[in-house]
Amino acid sequence: MPTVGFLFSKKEWLYLAILAALLLIVLPASVDIFRLNLIGKYLTYAFVALGLVLLWGNGGILSLGQGIFFGLGGYCMAMFLKLEASTPEATKIQSTPGIPDFMDWNQVTALPFWWQPFHSFTFTLLAIILVPSVFAFIIGAAMFKRRVGGVYFAIITQAVAAILTILIIGQQGYTGGVNGITDLRTLLGWDIRTDSAKLILYFINAGLLIGVLLLAQAVRMSKFGRLLIAMRDREDRVRFSGYDVSNFKIFIFCLAAAISAIGGAMFTLQVGFMSPSFVGIVPSIEMVIFAAVGGRLSLFGAIYGALLVNAAKTTFSESFPELWLFAMGGLFIAVVMAFPFGLAGVVKDYVEPFVARRLPVLLGRGRAPQPQAAQ
Amino acid sequence: MQPIGQTPKEFILSIDALTVSFDGFKAVNDLSLYVDENEIRVIIGPNGAGKTTVLDLICGRTKATSGSIKFEGRELTKMREHEIVHAGVGRKFQNPSIYEDLTVFENLELSFPRGRSVFGALAFRRDQEVIDRVEEVAEMIFLKDQLRTDAAILSHGQKQWLEIGMLLIQKPRLLMLDEPVAGMSVAERVKTADLLNTITKNQSVIVIEHDMKFVEDIAHRVTVLHQGKVLSEGTMDRVKHDPKVVEVYLGH
Ligand SMILES: Nc1ncnc2c1ncn2[C@@H]1O[C@H](COP(=O)(O)OP(=O)(O)OP(=O)(O)O)[C@@H](O)[C@H]1O
Ligand SMILES: [Mg+2]
C-alpha cells in the first residue's frame with residue numbers, strides 16, 4: 001500500500017482544501033443568497049451520493065432506493081418543524097386547533113400517537129438518524145441474510161421506494177399526501193425563511209457534508225473499507241475467510257441510509273418543505289446518477305457530481321423541461337460507457353498527470369502522481 | 001497413517017454416509033472418509049466425480065442432503081460458513097480466488113484472523129503483530145518481494161500461492177486445496193509441493209489434484225472418487241495398481 005498520511009494522502013488533503021474553500025468561501029462570496037440556497041439544496045443530494053460511494057462504489061451494492069432514506073430523514077425534520085408551526089394560536093381557525101393544517105383538512109381530529117414524540121427536538125435529531133437506519137436494517141437483514149444481491153436487490157429497493165411513495169400519498173391525513181409537509185417556519189423559534197437563516201443553514205449543511213466526507217473516508221481507510229472492496233470482487237473468498245458477509249452489507253447499507261437521511265433533514269430545513277417527490281423511484285435513480293457522474297469510487301467526485309448534475313438540471317429544465325429526463329438518461333449512459341469512473345476518473349487520468357508536469361512542487365516534487373490508496 | 005488393530009486415534013475429520021443430491025442427481029453418494037491429524041490426503045478422480053462438491057460440503061458452501069461431517073468432534077453440517085472457518089477449516093477454491101483490487105499485503109491482512117466482526121473490522125489496527133505475520137507468510141509463499149504489488153498483476157501461479165497464503169495466515173487445522181497447482185509451471189509445482197510438505201507439520205491437508213507427479217510428491221494417502229463414491233483408497237502405490245482405478249481414471 002502506498003504510504004498515506006492521516007486519513008488522506010497528501011494530494012487528497014489538497015483536494016479537501018480545494019473543496020472546503022469552494023464550499024465555504026468561494027461560493028458564499030460570489031453568488032446571491034437565492035442561488036446559494038439552491039446550491040445548498042444540491043449539496044443535500046451530495047450526502048446521498050457520498051453514501052452511494054460507500055455502498056455501491058466500494059461495496060458493489062447498488063441501491064436504487066436511496067430516496068427512501070433521504071425522504072425519511074427529511075420527513076422526520078419536517079414533522080418537527082410542522083408541529084412547531086402548528087401552535088394552537090397559529091391554527092385557531094381550524095376545527096381542531098393545534099394539529100398540522102393538512103390533518104385538519106382531512107378530518108383528523110387528534111395528533112396521531114407517532115407524531116407526538118416529534119414535539120421534542122432531541123427525539124427528532126435521533127429519529128433522523130435512527131428511523132432510516134432501522135428501516136435499512138430491516139430491508140438489509142431480510143435481503144442480505146437470504147443472499148439476495150445484485151440486480152434483485154436493486155429492484156427490491158426500487159419497489160420499496162415505490163411502496164413508500166404510494167403509502168405517503170395515500171395516507172394524506174397523516175403525511176400531507178402528495179403535497180408533502182409544507183409551510184414550515186421556525187426551528188426552535190428561529191425563522192428559517194429569512195436570508196440570514198438561509199446563509200447559516202448553508203454553512204451548517206456544508207460543514208456537515210465535509211464532516212460526513214471525513215467519516216466516509218475513515219470507513220474506507222479502515223479494514224472494513226478494504227473488506228468492502230474484497231466483498232465486491234470475491235464475496236465467497238471473504239465468507240470463507242471467516243467473515244459473516246451479510247452483517248457487513250447490512251452495516252454499510254444502514255450507514256449509507258443514515259448519511260442520506262442527514263441530507264434529507266438539511267433539505268427540509270433549507271427548502272422549507274418535504275414531499276413524496278423526493279422519495280420515489282425517479283429521485284432515487286437521479287441520486288445514483290450523481291454518484292456515477294462524479295465517479296462512484298470517489299467521495300470528492302460524488303459531491304462535484306451532485307453539484308454539477310443539479311446545476312445542469314436547473315439550467316436545462318428551465319429552458320427544455322420535457323427534454324431533461326432524456327438528457328439525464330443520455331448523460332448516465334455516456335458516463336457509464338465512456339468514463340466508468342466519472343469525473344474523478346477524468347481528473348485522475350488527464351488532469352493530474354498534466355498538473356503534475358506543470359506543478360511538480362505542489363504534488364510531491366516532480367514524482368509521478370502517487371498511487372492512491374482508495375482512488 | 002493409522003495402524004490397524006491398535007486403539008484408533010481421533011480423526012481430525014470424519015465424514016460418514018454423506019450424500020448430496022442436486023435435483024435427484026447424487027453428486028456425492030453415501031461417502032465416508034476419514035482424515036488423520038497432520039495427514040496430507042489427496043483426492044483424485046475423473047471430471048465430475050464430485051471432488052469439489054465434497055469440499056463444498058465440508059466448508060458449508062453446499063448443504064448435505066444426509067450424512068455427517070465431524071471436525072474435531074464438531075458437526076459441521078449444521079454450522080454456517082464463517083463458523084466453520086472459525087472452527088479451523090480453510091478452503092482454497094479451484095480458480096484462484098483473491099482480491100485483485102488490493103495488494104498482496106492487503107490480501108493477506110484481510111485473512112488474518114482478527115477483527116472479523118463489523119466493529120472489529122472498523123477498529124482493526126495494522127500493528128506489528130499483523131505486519132510480522134503477513135511478512136512471515138509472504139516469505140513462505142514466495143511473495144515476500146511482492147507485498148506492495150496489486151494482486152491483479154501476479155502470475156497465475158503466484159495467485160494460487162497467494163490464496164494458499166491467505167489460508168495459512170488463519171492457521172487452520174484442516175486446509176483444503178482444490179487443484180492448487182493447476183496452471184503452474186513445473187518449477188512452481190516443485191516449490192508448491194515443498195511448501196505443502198512443510199506446512200503439514202501442524203495441519204492436516206486435503207488436496208484435490210489431477211497432476212499425478214505432484215500427487216506422488218505430497219500424498220500420504222490417496223482417495224479415488226468416482227461418481228460420488230470412494231472407488232479406492234490407500235497409499236499412492238496401492239491405488240495406482242488398483243485395476244478399478246486404472247480402468248476409470250488412470251487408464252487414459
Ligand atoms: N450446485 C450444483 N448444482 C447442480 N449440480 C452440481 C452442483 N455442483 C456440482 N454439481 C454436479 O456434480 C457433479 C460433481 O461436480 P464436481 O465439481 O464436484 O466435480 P469434480 O470432481 O470437482 O470435477 P473436476 O475435476 O472437473 O473439477 C458434476 O456433475 C456437477 O455438474
Ligand atoms: Mg472440481
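Is F300(A) buried or exposed, at 10% relative accessibility? Buried. The cut-off is under 20%, so 10% makes F300(A) buried. Keep in mind that this is a predicted model.

Now, the aromatic rings. A search of the whole structure gives 29 aromatic pairs over all chains. Let me start with F8(A) and F300(A). Their rings form a tilted pair. The centres are 5.8 Å apart, and the planes make an angle of 35°. Where do these two sit in chain A? F8(A) is in the segment before α1 (10–30). F300(A) is in helix α13, residues 299–319. What about burial of F8(A)? F8(A) has 1% relative accessibility, so F8(A) counts as buried too.

Next pair: F153(A) and F253(A). This one is edge-to-face. Centre to centre, 5.3 Å; between the planes, 75°. F153(A) belongs to helix α6, residues 150–170 of chain A. F253(A) belongs to helix α11, residues 245–271 of chain A. They are 100 residues apart, and the pair links these distant parts of the chain. F153(A) and F253(A) are both buried.

Rings can also join up beyond a pair. Which residues form a cluster through ring pairs? Y45(A), F70(A), F267(A), F273(A), F278(A) and F290(A).

Last topic: charges over rings. In chain A, the charged end of R296(A) sits over the ring of W56(A). The distance to the ring centre is 5.4 Å. Now look at chains A and B. K223(A) lies over the face of F124(B), 4.4 Å from the ring centre.

Notes
Residues numbered from 1 in each chain as written. Chains lettered and ligands numbered in written order. Predicted model: local features only at pLDDT ≥ 70, side-chain atom pairs only at ≥ 80, totals over all residues. Heavy atoms only, no water. Phe/Tyr/Trp six-rings, centres within 6.5 Å; stacked < 30°, edge-to-face > 60°. Helix = DSSP H or I, 4+ residues; strand = E, 2+ residues; numbered from the N terminus. Buried < 20%, exposed > 50% of the residue type's maximum accessible area, 1.4 Å probe, protein only. Lys NZ or Arg CZ within 6 Å of the ring centre and 35° of its normal.
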